[in-house]
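Please open the model in your viewer and keep the selection tool at hand.

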Number of protein chains: 4
Amino acid sequence: MVPIGIVGFSGYSGAELVSLLARHPHAEPVLLEHREAAEHPRPLGYEGPRRLPCSADSVRSAGLAAVFLATPPEVSMELAGPMLNAGAKVIDLSGAFRLGSAENYQHWYKEPHTQPQLLNEAVYGLPEFCRARVAAARLISNPGCYPTAANLAIKPLLEAGAIAREFGIVCDAKSGVSGAGRKASLKTSFCEVTENFSAYSMFDHRHVPEVLRTSGLEEGEFSFTAQLIPIHRGILETIYFRATEQLSSAEDLLAIYHGRYASEPFVRLYSSGQVPDVQAVAHTNFCDIGFKYDSKTRRAVVVSVIDNLGKGAAGQAIQNMNLALGYPETAGLL
Amino acid sequence: MVPIGIVGFSGYSGAELVSLLARHPHAEPVLLEHREAAEHPRPLGYEGPRRLPCSADSVRSAGLAAVFLATPPEVSMELAGPMLNAGAKVIDLSGAFRLGSAENYQHWYKEPHTQPQLLNEAVYGLPEFCRARVAAARLISNPGCYPTAANLAIKPLLEAGAIAREFGIVCDAKSGVSGAGRKASLKTSFCEVTENFSAYSMFDHRHVPEVLRTSGLEEGEFSFTAQLIPIHRGILETIYFRATEQLSSAEDLLAIYHGRYASEPFVRLYSSGQVPDVQAVAHTNFCDIGFKYDSKTRRAVVVSVIDNLGKGAAGQAIQNMNLALGYPETAGLL
Amino acid sequence: MVPIGIVGFSGYSGAELVSLLARHPHAEPVLLEHREAAEHPRPLGYEGPRRLPCSADSVRSAGLAAVFLATPPEVSMELAGPMLNAGAKVIDLSGAFRLGSAENYQHWYKEPHTQPQLLNEAVYGLPEFCRARVAAARLISNPGCYPTAANLAIKPLLEAGAIAREFGIVCDAKSGVSGAGRKASLKTSFCEVTENFSAYSMFDHRHVPEVLRTSGLEEGEFSFTAQLIPIHRGILETIYFRATEQLSSAEDLLAIYHGRYASEPFVRLYSSGQVPDVQAVAHTNFCDIGFKYDSKTRRAVVVSVIDNLGKGAAGQAIQNMNLALGYPETAGLL
Amino acid sequence: MVPIGIVGFSGYSGAELVSLLARHPHAEPVLLEHREAAEHPRPLGYEGPRRLPCSADSVRSAGLAAVFLATPPEVSMELAGPMLNAGAKVIDLSGAFRLGSAENYQHWYKEPHTQPQLLNEAVYGLPEFCRARVAAARLISNPGCYPTAANLAIKPLLEAGAIAREFGIVCDAKSGVSGAGRKASLKTSFCEVTENFSAYSMFDHRHVPEVLRTSGLEEGEFSFTAQLIPIHRGILETIYFRATEQLSSAEDLLAIYHGRYASEPFVRLYSSGQVPDVQAVAHTNFCDIGFKYDSKTRRAVVVSVIDNLGKGAAGQAIQNMNLALGYPETAGLL
């Protein structure tokens, strides 16, 4: 079994990585301790995976083939270089290396990028659209949860010229609370969230530039609102657009998706008019896509769902690791 | 205290009516028994309001000034006439009298309208836009929950010419589960709803024609999806549109709303960029409206929230009753 | 309207006090600002109650007849004396003045009591058992949520000699999350609580000595566990004991409760074998009590429910204020 | 892969069986169609396991080594005989064969037992206490969810003489809603359960006689209440008793458990004073046990948690299948 490091293992994405690696046929988790949040009590005799200090030395001495950074962007920027230099491939789950330029990062994350020299090398790990580059990468930037669900739904249609971009695309996004990370916070405390539903970011979410960069859309063409569902995990995005004359029927729309995703292991499609719910993908690495199309008025609505800790974070990170280390892409994920 | 009848008092809207009337300064509830669902056990000595059989005789003998029909449309069609003939004003919470014509009803409700002669008389009870007609009505058709939140958000902007209709309006609507009524159903059972979020109606919800009829929009201009939040009560609608050149700033948008609603007791506005959540209106008759406007791209998003059992059903029904019986409009509602 | 001060108005109990006072027929809330937690955004034009700095001067200048301290015990100890000296009655919702002696306080709260001279004066405000003393008090110590539900269920039976104390009483208590207060905390964050249920205090909860002091039980006779339900508000306690020969039937048990509570406005009883749930008392000041008794084996189980923010905190505090200021006991609470 | 039949696969326990078998190293699921409830929409191309009519012929033609009956007891009674005769081992998840005699069944299930001749043959499948008999059985009666958590917590202590039975044992049990099965029902509808907590069975739950039969306790010694938590899955039981002089310390209590369970793969223990919560065992086949003991007063509280669909139903059923078919006991369960 190949040892793989995890920094940030006490967070939600980190814990999901530990759990996925524990069942992986070729890899095993090693916990790299770095300012951990409180952990749950453990049963007697169940110690969990090996623990090491979070350092380049640990990477070398344990021979870690890869290291996951399930950490805030400022920590990822600090750790990525040393981990790479110690010989590990690095898969970063933060936004540190997603936006392509230090200027873009500073604009959306409101702090300077401390490792601009790594930005060129970082490969954006959305395997369905850049599989070969991921396989060859040393530093993989794991996509954000919202952009994953959005881009998988939008990109095939944009490429096929099926969306009338001048009318704009609306992406109304909803996420479970684990998307905010595991930390003490009044906004995500139980009583503030239960029996509630709220919009917390309109037009200006950090994930917007990720969608634009990957899809090629202009800012004015993409209206995005992020909202909080009182559930632990799961994302549902409801995406609205006007179709071009390319789409004369729902069958056309399904054919575009089918042509793009027929052999993809982690994207699933539904019959026209039938849409997936959050439970359809809970605890999986699938992105499920359904839609409805009104050919008379050319209005289309697409529903795209993922588990934000699965395809939206840890699952996709394992998928990227599989590609980067030469394992079967679905290993440990089905 | 003036006695007011309630048919369907064991449902969620019906129970809310009972509770609101029990605190009303001028009216008191009388329960009209008509195939009730199971009721909760009662403490000893807490019998609740007076009960009578659901009949025209009961209306006459008890001298009911008004009767609420918190019943399915087919029951409302059956009961409205006899109750009116017995001398009561009737406030119907179903969709039976909302769509203006028997054809329209049959198209959306998939069954014939049995009382077409009452359709002309029925007044659509959205007080903010037809207060005088409600005050004079015998038969009031209480608006649907989704259309209430949508029309209150959209109509002032449409009237002011602020929406570029050719780009279409998207209304992404989410509702708590009580909107589905109180009944045994697998779809609304706890385990199917908790830790889930689902779209259940895209473009073809029965509430769409209500919005069109009240707002004057064409079907092709209005894209509506209804979705289920795992909460008991509350509706949040996220509404997207492109603004016309009328709106050069967020202040313009707020000014339109303010001009229309400044003296409305049940519509509340927020500063530009600040939006209400579902809890802001829980257990109230308020509709709260916030928005964000990007003047550079003319994209706007409006968030409109109500309690689906408050302004979306029982609360608005009491507001209509207050108007129809000559009480202060806010009696029992603040 | 008589002005009443509230310290800690941004917490859950404090906000409930504000809301109850806003509907009170004789009193109105005044917010005393003292290190407030974040508040929710307000609609334009809805400013809320008057605000003053939290000081003895404010009490005097505004002529506050009473001040609620919805604050941690160390803050209550600091503020109670100055507020009393400024002429207000003080109703403290913390544990600062509940345990009768500085030693007892230090033992259970793990810090010294800074105002021992006030302990003698403080009256424990469980109106059903000390109505007259509350009416005459300057300083009222509002009971804890768990002890309120427990004592109301147990005391009548103990007084009647119906409980075989040598077998012990088990009180298995469950509370909604608002009982932990409004603050940033990992333990009460949404993802840690939803789809979970946990015991957090076995035998050693700070509320145990309150039950012992009020009921006269010995520590070894009372086994108490506190547990967290994934709901916002509500407490249910399941209480088990063996009956003495006094109880030959369920009717005997009901008769004891009925004899004690028949004229109490806020305690409600159920038929033998029928028990209330948390929803029965949500958003009310009621304590509902039901039970089952197996006369063959003398085993009894009593279910006692309250809203932890109602009869368990703010509701009971208003009830105590009504008594202390000479208003009808139920004013603003039905 | 050995084919295994599942009747009732659209229910919660049945679906869990399908999912566990799909990941099992030696077995694969075959769906036996028998009056199924509504199923969720499936993605295109994801057909799921093979389906056959529910009949003895299907068992023979497909060569099913075992059949799970995730059905109501009356259906299990009808199907068990034919399935056994067709050569399959039968693992029944209902209460049909748990109580040992037709009289006992009729008393608690309020209907006659139609297959009394099978009762003698049925082996109660709690592997920790009857592993050898399970391995040799043709017909295995899978334990109820509540009795599994209760017996695993109580039996070692009773066997060691550590419980003072004359004081009685209190078992305060709480379950997620999936324990009620997948069906349309008002009582388990979302709005009746969310923000609620309720006791639904005091002393007279059908699972009581299972605990008595397995533990050897008398009815008067065991007080059991079942309660509903607003979560999908999980059981937590809080168990109170007085210890005999055998237990002079918490270490003694832990030693008894450790002696009994040290080599059990699915029972986990915690340090004295530390107790597991429902999440500790979610989606697993573990039973986690923690406790607190007050040696001064001899009061003990034990917290026992399982996933009601895991160790409480499908997980334990797979464990029993593994034993009965000669697979490693943990196959497909870790």
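A salt bridge is here a side-chain nitrogen of Lys or Arg within 4 Å of a carboxyl oxygen of Asp or Glu. The model is a predicted one.

**First stop: salt bridges between chains A and B**

Please select chain A and chain B together. Four salt bridges are counted between chain A and chain B. One of them can be displayed by selecting Lys174(A) and Asp172(B), whose closest N and O atoms are 2.9 Å apart. Polar contacts may be shown next: 32 residue pairs, with both residues at pLDDT 80 or more, are in polar contact between chain A and chain B. On chain A, the side that touches chain B draws at least two residues from each of strand E8 (169-175), E9, strand E10 (222-228), E11, E13 and E14. This side of chain A comprises 18 nonpolar, 13 polar and 14 charged residues.

Now extend the selection to every residue in the contact. It involves 45 residues of chain A and 45 residues of chain B. About 3700 Å² is buried between chain A and chain B, and carbon and sulfur atoms give 57% of this area.

Seven strands make up an open sheet with mixed pairing, and their order in chain A is E9-E10-E8-E11-E14-E13-E12. At the edges are strand E9 (198-202) and strand E12 (267-269) of chain A, each of which pairs on one side only. From one strand to the next, the twist averages 20°.

Within this sheet, select residues 235-242 and 299-306 of chain A, which are strands E11 and E14. These two strands pair in the antiparallel sense over eight bridges. To see a bridge position, pick Phe241(A), whose partner in E14(A) is Ala300(A).

Bring chain B back and display chain D beside it. The contact takes 20 residues from chain D and 20 residues from chain B. Between chain D and chain B, the buried area is about 1600 Å², with carbon and sulfur atoms giving 66%. Select Leu186(D), Phe190(D) and Cys191(D): they supply 42% of the area that chain D buries against chain B, more than any other three residues.

Two salt bridges are counted between chain D and chain B. In one of them, Arg182(B) joins Glu192(D), with the closest N and O atoms 2.9 Å apart. Eight residue pairs, both residues at pLDDT 80 or more, are in polar contact between chain D and chain B. Helix H7 (residues 190-193) of chain D gives four residues, the largest share of the side of chain D that touches chain B. By class, this side of chain D has 10 nonpolar, seven polar and three charged residues.

**Last stop: the sheet of chain D**

Keep chain D alone on the screen. Its seven strands form an open sheet of mixed pairing in the order E9-E10-E8-E11-E14-E13-E12. Strand E9 (198-202) and strand E12 (267-269) of chain D each have a single partner strand, so one side of each is left without a neighbour in the sheet.

Finally, select residues 169-175 and 222-228 of chain D, strands E8 and E10, which run parallel and are joined by seven bridges. Asp172(D) has Thr225(D) as its bridge partner in E10(D).

Technical notes: Residues are numbered from 1 along each chain as its sequence is written. Chains are lettered from A and ligands numbered from 1 in the order in which they are written. This is a predicted model: local features need pLDDT of at least 70, side-chain atom pairs count only at pLDDT 80 or more; totals for chains, interfaces and linings use all residues. Side-chain values use heavy atoms; hydrogens and water are left out. Two strands pair if DSSP finds at least two bridges between them. Axes are lines fitted to C-alpha atoms, for helices over the stretch in contact, and angles run from 0 to 180 degrees between N-to-C directions. Contact means heavy atoms within 4.5 Å. Buried area is the accessible area (1.4 Å probe) that two parts lose on being put together, summed over both. A polar contact is a pair of N or O atoms within 3.5 Å; within protein, one must be able to donate a hydrogen and the other to accept it, and residues adjacent in sequence count only if both atoms are side-chain atoms. Ala, Val, Leu, Ile, Met, Phe, Trp, Tyr, Cys and Pro count as nonpolar, Asp, Glu, Lys and Arg as charged, and the others, Gly among them, as polar.
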